[in-house]
Amino acid sequence: DRKDLAERFYEIQPFYYSFEKVWWLWDAVGYHWVRVDETDMLNLIGETSDANTIKSKAKCETLEALKQVGRLNKPKDPLPTWIQFKDKIIDYETKKIIPATSEYFITNPIPWKIGDAPETPNLDKLLEQWVGVERVLTLKEILAYSTLSFMPIHRIFCLIGKGRNGKGTFIKLLLKLIGKENATATELNRLLNGRFET
């Protein structure tokens, strides 16, 4: 039975088929949902069962069963106050920490574990060299704000200054913190003049 096969497969490998007709698989190593396609799904079914995923009728029935089971097992949306750091989710308002599981639909975790020490003397010293003691908190706030997946304020942060004063290194630090998977780039001219660039 194809439906039974899809349900058994879900127990081994959580998956979700969204209303936008997009396939998602739970990555148990990276602790997040990853976008895949029908071929990936059929290959995984083929690897974990003796189901025929080549013949047209069997393939269509298998895909339909996967779609139905995947749609029924929609993961919960995260709260806008949640930030996922590697394998843990923290609510920055309540300070509550929960494990990252397939129960919640998160696709963009920060690739670092939550640290134990609240002090950051090395980072403080570096930031202080760039902007002075009075602006260190501002740079830390930009770093913290960049970890959010929900952007409550619509602002662009601009780093202005002459060369060799830390702007490029700060951007590298920011990219290292959030992970390259959570970054994108464009030009200011395209943001201003491109109709769909934002």
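**Reading rings, strands and helices in a predicted model**

Reader: How many aromatic pairs are there?

Author: The count comes to 11 aromatic pairs. Keep in mind that the model is predicted. The general idea is a distance test: two rings pair if their centres lie within 6.5 Å.

Reader: What makes the pair of Tyr17 and Trp23 tilted?

Author: Look at the angle between the planes. Under 30 degrees is stacked, over 60 is edge-to-face, and the rest is tilted. Tyr17 and Trp23 have ring centres 4.5 Å apart and planes at 45 degrees, so this pair is tilted.

Reader: Are Tyr17 and Trp23 buried or exposed?

Author: Tyr17 and Trp23 are both buried.

Reader: Which pair is an edge-to-face case?

Author: Take Trp82 and Tyr104. Their planes stand at 85 degrees, with 4.9 Å from centre to centre, which makes the pair edge-to-face. Trp82 belongs to strand S4 (residues 82–85), while Tyr104 sits in the loop between strand S6 (97–99) and helix H4 (121–131); the pair therefore ties together parts 22 residues apart in sequence.

Reader: Why does Trp82 count as buried?

Author: The cut-off for buried is under 20% relative accessible area. Trp82 counts as buried because its relative accessibility is 13%. Tyr104 is buried too, with 15%.

Reader: Which residues do ring pairs link into a cluster?

Author: Phe9, Tyr10, Phe15, Tyr17 and Trp23 are linked into a cluster by ring pairs. The ring is that of Phe19, and the charged end of Arg71 sits over it, 4.6 Å from the ring centre.

Reader: Now the strands. How do S1 and S2 run?

Author: Strand S1 (residues 15–17) and S2 run antiparallel and are joined by three bridges. Tyr17 stands opposite Trp23 in S2. Recall that the rings of Tyr17 and Trp23 form the tilted pair.

Reader: Which residue takes a positive phi in the hairpin of S1 and S2?

Author: Lys21 does, with phi near 65 degrees. This hairpin has five residues between its strands.

Reader: How many bridges pair S2 with S3?

Author: Five, and S2 and strand S3 (residues 32–36) pair in the antiparallel sense. Trp24 has Arg35 in S3 as its bridge partner. Trp26 has Trp33 in S3 as its partner. The hairpin of S2 and S3 has four residues between the strands, and Tyr31 in its turn shows a positive phi of about 60 degrees.

Reader: How many residues of S2 are buried?

Author: Four of the five residues of strand S2 (residues 23–27) are buried, which leaves this strand mostly covered.

Reader: Where is Tyr16, and which residues is it in contact with?

Author: Tyr16 lies in strand S1. Tyr16 counts as buried, at 5% relative accessibility. Set aside neighbours within four places in sequence. The contacts of Tyr16 then include Trp23, Trp24, Trp33, Gly70 and Phe105. Between Tyr16 and Lys76, the C-alpha to C-alpha distance is 11 Å, with 60 residues of separation in sequence.

Reader: Next, helices. How far does H3 reach?

Author: Helix H3 (residues 56–72) has 17 residues and reaches 24 Å from its first C-alpha to its last. That is close to the 24 Å expected at 1.5 Å a residue.

Reader: Which residues of H3 are buried?

Author: Start with the general idea. An α-helix has 3.6 residues a turn, so residues three or four places apart point the same way. In H3 the buried residues are Ala58, Thr62, Leu63, Ala65, Leu66, Val69 and Gly70. These cover an arc of only 165 degrees around the axis, which puts them on the same side of H3. The face turned away from that buried side carries the exposed residues Ser56, Lys57 and Leu72.

Reader: What do the buried residues of H3 pack against?

Author: They pack against helix H1 (2–12), S1, S2 and helix H2 (38–48).

Reader: Which residues of H5 are buried?

Author: In helix H5 (residues 136–145), they are Val136, Leu139, Ile142, Leu143 and Tyr145. The buried residues of H5 pack against H4 and helix H6 (167–178).

Reader: Last one: where is Asp87 found?

Author: Asp87 is in the loop between S4 and strand S5 (88–91). Asp87 is buried, with a relative accessible area of 15%. Beyond neighbours within four places in sequence, Asp87 is in contact with Tyr31, Pro99, Ala100 and Lys113.

Notes
Residues are numbered from 1 along each chain as its sequence is written. This is a predicted model: local features need pLDDT of at least 70, side-chain atom pairs count only at pLDDT 80 or more; totals for chains, interfaces and linings use all residues. Side-chain values use heavy atoms; hydrogens and water are left out. Rings of Phe, Tyr and Trp (its six-membered ring) pair if their centres lie within 6.5 Å; planes under 30 degrees apart count as stacked, over 60 as edge-to-face and the rest as tilted. Buried means under 20% relative accessible area, exposed over 50%, partly exposed in between (1.4 Å probe, protein chains only). Helices (H or I, at least four residues) and strands (E, at least two) are DSSP runs, numbered from the N terminus. A charge sits over a ring if NZ of Lys or CZ of Arg is within 6 Å of the ring centre and within 35 degrees of the ring normal. Two strands pair if DSSP finds at least two bridges between them. The expected span of a helix is 1.5 Å times one less than its number of residues. The arc is that of the directions from the helix axis to the C-beta atoms. Contact means heavy atoms within 4.5 Å.
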